[in-house]
Amino acid sequence: MEPATLLEKVFYVVMMVVATLASLSILAIIIDIIGAARPHGDYPSFFKILWDLLLFRWI
């Protein structure tokens with residue numbers, strides 16, 4: 001088995017970051033769905049909070 005080239009290593013890191021962002025987004029959507037199903041309270045949108053944080057809209 002050959003060692004991975006630099007381009008392959010960069011590709012793996014980028015794909016892990018994309019997979020992490022997708023997983024966090026799905027988790028935030030599930031939390032939002034559960035929060036919307038509760039009969040009382042006005043819960044913040046975790047999906048919106050997550051993407052505001054990731055897109056640096058909090059600066």
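Okay, hi everyone. Before we start, keep in mind that what you see is a predicted model.

Let's begin with the helices. Two packed helices are described by the angle between their axes and the distance between those axes. Here, helix α1 covers residues 6-37 and helix α2 covers residues 46-54. Their axes come within 7 Å and cross at roughly 150°. Anything over 145 degrees counts as roughly antiparallel, so that's what we call α1 relative to α2.

Who makes the contact? On the α1 side you've got Leu21, Leu24, Ser25, Ala28, Ile29, Ile31 and Asp32. On the α2 side, look for Phe46, Phe47, Leu50, Trp51 and Leu54. If you sort the residues of that contact by type, you get 10 nonpolar, one polar and one charged.

Next, the aromatics. The structure has two aromatic pairs, and I'll show you one of them, phenylalanine 11 with tyrosine 12. The ring centres are 6.2 Å apart, with 55° between the planes, which makes the pair tilted.

Last stop: phenylalanine 56, in the segment after α2. Most residues other than glycine have a negative phi. Phenylalanine 56, though, has a positive phi, near 60°. With 55% relative accessibility, phenylalanine 56 counts as exposed, because the cut-off for that is over 50%.

That's it from me, thanks!

Methods:
Residues are numbered from 1 along each chain as its sequence is written. This is a predicted model: local features need pLDDT of at least 70, side-chain atom pairs count only at pLDDT 80 or more; totals for chains, interfaces and linings use all residues. Side-chain values use heavy atoms; hydrogens and water are left out. Axes are lines fitted to C-alpha atoms, for helices over the stretch in contact, and angles run from 0 to 180 degrees between N-to-C directions. Helices (H or I, at least four residues) and strands (E, at least two) are DSSP runs, numbered from the N terminus. Angles under 35 degrees count as roughly parallel, over 145 as roughly antiparallel, 65 to 115 as roughly perpendicular and the rest as oblique. Contact means heavy atoms within 4.5 Å. Ala, Val, Leu, Ile, Met, Phe, Trp, Tyr, Cys and Pro count as nonpolar, Asp, Glu, Lys and Arg as charged, and the others, Gly among them, as polar. Rings of Phe, Tyr and Trp (its six-membered ring) pair if their centres lie within 6.5 Å; planes under 30 degrees apart count as stacked, over 60 as edge-to-face and the rest as tilted. Buried means under 20% relative accessible area, exposed over 50%, partly exposed in between (1.4 Å probe, protein chains only).
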